[in-house]
Amino acid sequence: MKDETIIKNLKTIMNRRGISQRELANMIGKDETVISRWFAGKVGISTSSIKLLETVLGEKILIESDKKRALITGVTGQDGSYLSEFLIEKGYDVHGIIRRSSVDFRERIAHLEGHPQFHLHYGDLGDSMSLVKVIGMVRPDEIYNLAAQSHVQVSFDSPEFTADIDATGVLRVLEAVRACGLEKTCRIYQASTSELYGKVEEVPQNENTPFHPYSPYAVAKLYGFWIVKEYREAYNMFCCSGILFNHESERRGETFVTRKITLAAARIAQGMQDCLYLGNLSSLRDWGYAKDYVECMWLILQNKIPEDFVIATGVQHSVREFAYYAFKHVGIELEFRGEGLREVGVCVKVRGNVSKDLVGKELIRVSEDFYRPTDVVNLWGDPTKAKAKLGWNPSKTSFEELVKLMVESDMAKVASEGVAAKVRTNLAEYLEKGIVK
Ligand code: NAP
Ligand code: GDD
């Protein structure tokens, strides 16, 4: 690292924060002439002085390489973990923001901890000071704002928290970037959502489809979408939203419908659960693979101009179909009978190691507990713009492949969990609602 670059970084920070040479000298307990000699290039700046300056200023002046730096909020989540892997592979230095928790919820990124290109910092989207501190310290080239209370059902139970993080949290990130003087250099990706289309006004949905949010989560995310657009236009910032349709994976949270189904199918096939309770089986979604979607987040920030994009596969399936294929993969053929709350998924055939005793049993039942006060039932995305402008391939992983890889992963997980899984099963059914029956 050349001294000139360190001095340049130091001068930028001093100018931005209005710190004079004399004030800096006082802050680090040195004579002002030492600073003048550094600035004139007469003496080199020692490693211990660099460390002292960084500690006193709370910002980095030694940038160890010319690697691009990315900061990911929500790094412990499904998308955050895949995006970290993707960016590390691209050669980035990846910094993630984590929250303090009384138990360790970092299993999705455990394999990355200790990697020389992977760094974690404490922060919270509800805490502006922490954001300014981390962004000022990391000085990222790109920020991926993935942190959110991301469960739609939970947003009905915790609407205020959801608004604070999913709406105001976005504003806090944008303002923190401005406060650190990075608005001209730092590109920002906002994790927006197909939930904005909510009570849909047309199918399939594209970038011009009107929004009609239909849950506290979607209303909060709509604010996030508009504030990003506002900062793009008002301050010329490179900030964009990816309007992502549902994307799933082996790492999907266990209370989202796809993962709830694949885990239950694996448990039922291995004799560890009797029945799966679901809500609206007729709800339609455009489900893609999360690993494919994080590439698009990156592509959106590499685009020449800041623009919003719909990211989807362009293929739609119902919850019922997802369940049918997931159970089929574990060796259970289902037939759906009845309607509404009385609809059931009955086992009509088994194969492989699955017990024949399951034949004739109701393995899926509908419970009102999983109905939402307002439900979004017809999401279907049109990825034409992303295909044309970003060169992104929406058909990399098919629906059938996605179901298969999730089921296979859960079959292995359940097999290895053994008895412990049996104990948790009763809880897992109702974790989503925060209740135990
Ligand atoms: P996820 O698995 O639920 O992860 C959410 C992340 O946000 C976690 O890392 C969580 O940290 C973090 N977080 C929550 N509250 C926070 C706070 N106050 N401060 C800092 N971090 C906080 O979600 P995901 O599926 O990866 O989705 C990523 C983003 O894309 C979310 O914004 C989601 O709304 C959006 N999105 C997702 C989809 C999808 O289908 N997956 C589709 C469209 C949009 P903890 O681990 O500490 O809880
Ligand atoms: N979670 C859940 N549990 N959903 C169920 C169940 C059940 O037992 N039974 C039926 N569903 C229906 C829901 O009513 C909804 O219509 C659909 O399945 C999908 O629900 P989720 O998997 O919880 O996802 P989501 O679509 O509400 O939200 C996800 O996708 C959004 C993008 O459209 C989340 O990842 C959001 O963060 C994301 O923005």
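Trainee: How many helices and strands does the chain have?
Mentor: There are 15 helices and 15 strands in the chain. Keep in mind that this is a predicted model.

Trainee: What does the C-alpha trace span along its principal axes?
Mentor: About 90 × 45 × 40 Å.

Trainee: And how many of the residues count as buried?
Mentor: 43% of the 437 residues in the chain. As for contacts with a separation of 6 or more, 74% of them come from residues 24 or more positions apart.

Trainee: Switching to ligand 2. How many residues surround ligand 2, and which are the closest?
Mentor: The shell has 25 residues, and the closest are Ser 150, Thr 193, Val 257, Gly 279 and Ser 283.

Trainee: Which elements give two or more residues to that shell?
Mentor: Helix H7, residues 152-157, and helix H10, residues 257-269.

Trainee: How do the residues around ligand 2 divide into nonpolar, polar and charged?
Mentor: 10 are nonpolar, nine polar and six charged.

Trainee: Now the helix pair. At what angle do H12 and H14 pack?
Mentor: H12 (residues 319-330) and H14 (residues 399-417) pack at about 50 degrees, and their axes are 9 Å apart.

Trainee: Is the crossing of H12 and H14 left-handed or right-handed?
Mentor: Right-handed.

Trainee: Which residues make the contact?
Mentor: H12 brings Phe 322, Tyr 325, Ala 326, His 329 and Val 330. From H14 come Glu 400, Val 403, Lys 404, Val 407 and Met 411. By class, the contact has seven nonpolar residues, one polar and two charged.

Terms used: Residues are numbered from 1 along each chain as its sequence is written. Chains are lettered from A and ligands numbered from 1 in the order in which they are written. This is a predicted model: local features need pLDDT of at least 70, side-chain atom pairs count only at pLDDT 80 or more; totals for chains, interfaces and linings use all residues. A residue is near a molecule or strand if its C-beta atom, placed from the backbone, lies within 6 Å of it. Helices (H or I, at least four residues) and strands (E, at least two) are DSSP runs, numbered from the N terminus. Ala, Val, Leu, Ile, Met, Phe, Trp, Tyr, Cys and Pro count as nonpolar, Asp, Glu, Lys and Arg as charged, and the others, Gly among them, as polar. Axes are lines fitted to C-alpha atoms, for helices over the stretch in contact, and angles run from 0 to 180 degrees between N-to-C directions. A crossing is left-handed if the near helix is turned anticlockwise from the far one by less than a right angle, and right-handed if clockwise. Two residues are in contact if their C-beta atoms, placed from the backbone, lie within 7 Å. A residue is buried if 20 or more other C-beta atoms lie within 10 Å of its own, exposed if 12 or fewer, and partly exposed in between; C-beta atoms are placed from the backbone.
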